[in-house]
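Here's a quick briefing to read alongside the model. Keep the viewer open and click along as you go.

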Amino acid sequence: MEREEIEQLRDTVGCGAVLETSGFAIDVRESTRRAMKFRRGSEIIIVTHEGRGWFDPLGDEKGDVFSLISRLERVGFLEGCQRIAALIGFRPSVPAWQGSKGDRGAEVPIFEKWENRRAPWPGSATWCYLRWQRSLPARVIRSAIAQGVLCEGPHGSMWAGHTDDAGHVCGWEERGSEWRGFATGGNKVLFRLGAIDASRLCVTEAAIDAMSLGAIEGLRDGTMYLSTGGGWSPATDAAMRVLAARPNVQLVAATDANPQGDMFAERLRTLADEAACDWMRLRPPEDDWNDTLKISEKGKWERKEKGRGVPHSGRPRQGKLRPAEPALTRPARTGGPEGVLKD
């Protein structure tokens, strides 16, 4: 096959076509214009460069459409070219938000985008989303604002900042009722909430989960709640190694209770072994920490409402009036260690 033919295949057949015909499906909620996430069971592939590139967020592999089909089908280059040629004319699924390159306006520097957004305030759309839809207590929201890692996003969404070792915001997780993504042009490093000099590092997969675990634990002293943003970039790996190299550090894998979370936990175990620091797995009782928090808060609200209930006004069968049941006492603060599974 001539070089011109190879280049034509590379330009004609995108990585998404190879993935969809190999049993992968696009995860629209966790995809962005520049990074589309495909899943097949516990496998994840991120497609970049408008379909021409890919990488494995749980490993180190990356490349173009030829290396992708070689990885998936275990075939050589020539056979891979033949299989790619057979996909000419196949049109993979395209999310409605994906636009052409010419539709994009001039890029604004990442730090300007962040600085131009306001912090949430009580009653704002983002505050209500975090407080009522995500069940985060006001104390946790205020702590994230005070540390400069929380902003109002468009349409009531949340921007949770990822910072480098110097504390500069270099990207952010975007979450809302109908949207999930990462800052266009930003870098995934780590979302950080808690003590800067913390010796206990709780690593989650999303900023919402990091804040939720902080709420459950009452923002435990000496703890930093971290999020990798669902990926593991070289910058994330480097930042985690800097933190794990501190003296007397405990690395806590507080990732989701599913196969992907277990894979992240094993990666953290390997990092802890290499850094010679303590390690433990903290598994949420539900699929993730935000689900756990929401169920806990719902239970507290139901117990509170039951305690406020009015006794039945009819005469009891014994013929004597009985005093009403005492109201249940609300816990002193949101969250606690109960319900957390360790293994």
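With which side chain does the side chain of Glu152 make a polar contact? The partner is Ser124, and the two side chains come to 2.4 Å. Before going further, keep in mind that this is a predicted model.

- You'll find Glu152 in strand β6, which covers residues 150-152.
- Glu152 is buried, yet it has no salt bridge.
- The nearest side chain of opposite charge belongs to Arg117, and it sits 6.2 Å away.

- Strand β1 (residues 25-26) pairs with strand β2 (residues 36-40) in the antiparallel sense, over 2 bridges. Here Ala25 stands opposite Arg39.
- β2 also runs antiparallel to strand β3 (residues 43-48), and 5 bridges join these two. Look for Lys37 opposite Ile46 in this pairing.
- β2 and β3 form a hairpin with 2 residues between them. In the turn, Gly41 has a positive phi of about 65°.

**Charged pairs**

- Side chains of opposite charge can pair when their charged atoms come close. How many salt bridges does the structure hold? The count is 15.
- Arg71 and Glu61 form one of them, with their closest N and O atoms 2.9 Å apart. This pair links distant parts of the chain: Arg71 is in helix α3 (residues 65-73), while Glu61 is in the loop between β4 and β5, 10 residues apart.
- Arg71 counts as buried because its relative accessibility is 16%, and Glu61 counts as partly exposed because its value is 41%.
- Arg192 pairs with Asp165, and their closest N and O atoms are 3.5 Å apart. Arg192 is in strand β10 and Asp165 is in the loop between β7 and β8, so to speak a link across 27 residues.
- Is Asp165 buried or exposed? With 53% relative accessibility, Asp165 counts as exposed, whereas Arg192, at 13%, counts as buried.
- Arg200 forms a salt bridge with Glu217, the closest N and O atoms being 2.9 Å apart. Arg200 is in strand β11 and Glu217 is in the loop between α8 and β12, 17 residues apart. Both of these residues, Arg200 and Glu217, are buried.
- Salt bridges with shared partners join Asp56, Glu61 and Arg71 into one network.

**Aromatic rings**

- The structure holds 3 aromatic pairs. One of them is Phe66 with Phe77, a tilted pair at 5.3 Å centre to centre and 45° between the planes.
- Phe66 is in helix α3 and Phe77 is in helix α4 (residues 77-85), which puts them 11 residues apart. Phe66 counts as buried at 6% relative accessibility, while Phe77 counts as partly exposed at 44%.
- Why is the pair of Trp159 and Trp172 stacked? Their ring centres are 4.4 Å apart and their planes are at 20°, so the pair is stacked.
- Trp159 lies in strand β7 and Trp172 in strand β8, so their pair ties together parts that are 13 residues apart in sequence. Trp159 and Trp172 are both buried.
- Ring pairs also link Trp114 with Trp159 and Trp172 into a cluster.

Terms used. Residues numbered from 1 in each chain as written. Predicted model: local features only at pLDDT ≥ 70, side-chain atom pairs only at ≥ 80, totals over all residues. Heavy atoms only, no water. Helix = DSSP H or I, 4+ residues; strand = E, 2+ residues; numbered from the N terminus. Buried < 20%, exposed > 50% of the residue type's maximum accessible area, 1.4 Å probe, protein only. Lys, Arg positive; Asp, Glu negative; His and termini not counted. Salt bridge = Lys/Arg side-chain N within 4 Å of Asp/Glu carboxyl O. Polar contact = N/O pair within 3.5 Å; in protein donor to acceptor, adjacent residues only side chain to side chain. Pairing = 2+ DSSP bridges. Phe/Tyr/Trp six-rings, centres within 6.5 Å; stacked < 30°, edge-to-face > 60°.
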